[in-house]
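Please read this briefing alongside the sequence and the model that follow. It moves from the nonpolar core to charged pairs and then to confidence.

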Amino acid sequence: HSSQSALTTHRVLTQEGTILGTVPYMAPEQLEGKDADARTDIFALGATLYEMLTARRAFSGGSAVETMNAILTQDPPEIAPEVSAAIPGALQAILSRCLEKRPEDRFHSAHDLALALQAAGSGRATTSSVERVESTAARTRLVAGVALAALAVAAFSLAPILTNRSR
């Protein structure tokens with residue numbers, strides 16, 4: 001009975017067509033009131049990773065409406081050259097794919113994203129771009145961003161397993 005009450009409460013709070021989320025991290029399909037899935041979370045992770053690596057949001061505006069418009073119509077700002085030099089090309093490509101407007105152009109699952117991150121971190125990516133970094137702060141953001149992304153991917157990957165165990 002209590003789970004039914006919780007379900008009823010949930011329906012009242014999130015009626016069809018209601019948009020809930022923190023605007024700068026919302027995927028285009030969320031803003032359009034469409035169904036959300038794992039690719040929606042991958043967009044949010046990409047927006048978070050972009051912010052960690054660049055110290056600015058991937059999408060912003062003077063108001064929530066302007067930020068929503070930027071998410072729907074604009075690409076994230078180009079990463080400054082001094083920061084871009086510190087980010088391996090493979091990680092930049094992963095970041096770009098996470099922030100694709102169309103869900104079908106993003107990674108289809110956290111597992112797919114994890115595989116891409118593992119390949120990028122397996123030593124196949126060159127470290128020369130990281131060695132050229134003049135700023136310790138930029139290196140710290142890079143390491144923190146990759147670590148957070150890996151942690152988030154692990155959490156997304158384990159959530160279905162842990163949910164099934166608790167049932």
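How many residues does the largest nonpolar core have, and which of them have the most contacts inside it? The core has 28 residues, and those with the most contacts inside it are Phe59, Ile94, Leu95, Leu99, Phe107 and Leu113. This is a predicted model, in which local features need pLDDT of at least 70 and side-chain atom pairs count only at pLDDT 80 or more, while totals for chains, interfaces and linings use all residues. Residues are numbered from 1 along each chain as its sequence is written, and side-chain values use heavy atoms, with hydrogens and water left out.

- A nonpolar core is here a set of buried Ala, Val, Leu, Ile, Met, Phe, Trp, Tyr and Cys residues joined through side-chain atoms within 4.5 Å, where buried means under 20% relative accessible area, exposed over 50% and partly exposed in between (1.4 Å probe, protein chains only).
- Leucine 95 is in contact (heavy atoms within 4.5 Å) with Gly46, Leu49, Tyr50, Leu53 and Ile79, once its neighbours within four places in sequence are left aside.
- The buried residues of H3 include Ile42, Phe43, Leu45, Gly46, Leu49, Tyr50 and Leu53, and also Arg39 and Thr40.
- The 17 residues of H3 should span 24 Å at 1.5 Å a residue, and the end C-alpha atoms of H3 are 24 Å apart, which agrees; the expected span is 1.5 Å times one less than the number of residues.

**Charged and polar pairs**

- The structure holds 6 salt bridges, each defined as a side-chain nitrogen of Lys or Arg within 4 Å of a carboxyl oxygen of Asp or Glu.
- Arginine 106 and glutamate 29 meet through their side chains in one of these salt bridges, at 2.8 Å from N to O. Arginine 106 lies in the loop between helix H6 (89-98) and helix H7 (110-124) and glutamate 29 in helix H2 (residues 28-31), so the pair ties together parts that are 77 residues apart in sequence.
- Both partners of that pair are buried, arginine 106 with a relative accessible area of 0% and glutamate 29 with 4%.
- Arginine 39 forms a salt bridge with aspartate 37, their closest N and O atoms being 2.6 Å apart, and aspartate 37 is partly exposed at 33% relative accessible area.
- Arginine 102 pairs with glutamate 104 in a salt bridge of 3.2 Å from N to O, arginine 102 being partly exposed at 46% and glutamate 104 partly exposed at 40%; Arg102, Glu104 and Asp105 are linked in a network of salt bridges.
- Lysine 34, in the loop between H2 and H3, is exposed with a relative accessible area of 54%, and its side chain makes a polar contact with the side chain of glutamate 32 at 3.1 Å. A polar contact is a pair of N or O atoms within 3.5 Å; within protein, one must be able to donate a hydrogen and the other to accept it, and residues adjacent in sequence count only if both atoms are side-chain atoms.

**Confidence**

- The protein chain averages a pLDDT (the predictor's confidence in each residue, from 0 to 100) of 78, and 62% of the residues score at least 70.
- Among the elements of the chain, H4 has the highest mean pLDDT (97) and helix H8 (residues 128-131) the lowest (34).
- Over residues 125-137 the pLDDT is below 50, and this stretch has 17 contacts in the model beyond near neighbours in sequence.

Note on methods. Helix = DSSP H or I, 4+ residues; strand = E, 2+ residues; numbered from the N terminus.
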